[in-house]
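User: I would like a close look at one part of this model. Please keep it brisk.

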Amino acid sequence: MSGEQPESDTPTERFVVDLSTGEQRTVGAAEVDQPADEVPRDETGAPEPGTDGTALDGGPEDRRPAVPEPRELDLAQQFVARLRAAAADFAETAGAVSAVVREAVPPARHRRARCRLVLRYADDREVDVTFLGTAGLPGAPSRHGFDRQIRRWLAAGQRRDDAWLVTDPDAPDGLAIDLSAWVRAA
């Protein structure tokens, strides 16, 4: 068999995802398969030093993708870091010995903010609770309050009511606290 891949009757859709917004768009094969920018060459046609996949000293060049601007990745990372850093505050507010943020998912236009928190109490009891916030951009002002809303819910006695409990197949007990609904009901 020659080096060609057999053609498939099933077309393949390709997507490009914008990591800063979570937006996804379909792209054609020509757009994806375009060669990288032309490698600069000297007058003999040979690649200029450091542009052909090797560093100037002949070692492999760092081929990691360019790092996005700090603002692009910082909003989501700051959101996650803020939740993880709040674990001790969550424990204190809940009267627990310790707390671990097991999952922290920043919001996106198509996805709600999410936090899975495990509280450990002095009697070795663990409470594993999942919180859902609003959808939107992680840097929007209301998203900065997600950790505060969790603390408020914990301080209010961790009540569970059908008005703010929602089915969540990813939560350990199949339920999550919808903080938006809890705030409206409070």
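Is D124 exposed or buried?

Analyst: D124 is exposed, with a relative accessible area of 64%. Exposed means over 50% relative accessible area, buried under 20% and partly exposed in between, using a 1.4 Å probe and protein chains only. This is a predicted model, where local features need pLDDT of at least 70, side-chain atom pairs count only at pLDDT 80 or more, and totals for chains, interfaces and linings use all residues. Residues are numbered from 1 along each chain as its sequence is written, and side-chain values use heavy atoms, with hydrogens and water left out.

D124 sits in the loop between β4 (112-120) and β5 (126-135). Helices (H or I, at least four residues) and strands (E, at least two) are DSSP runs, numbered from the N terminus. D124 is not a glycine, yet its phi is positive, about 65 degrees.

Q158 also has a positive phi, about 55 degrees, and is not a glycine. Its loop lies between α4 (146-155) and β6 (165-167). Q158 is buried, with a relative accessible area of 19%.

A glycine comes next. G95 follows α3 and has a positive phi, near 75 degrees. Helix α3 itself spans residues 87-94, and its buried residues are A87, F90, A91 and A94. Seen down the axis of α3, these fall within an arc of 100 degrees, so they line one face of the helix. That arc is taken from the directions from the helix axis to the C-beta atoms. On the other side of α3, A88 and E92 are exposed.
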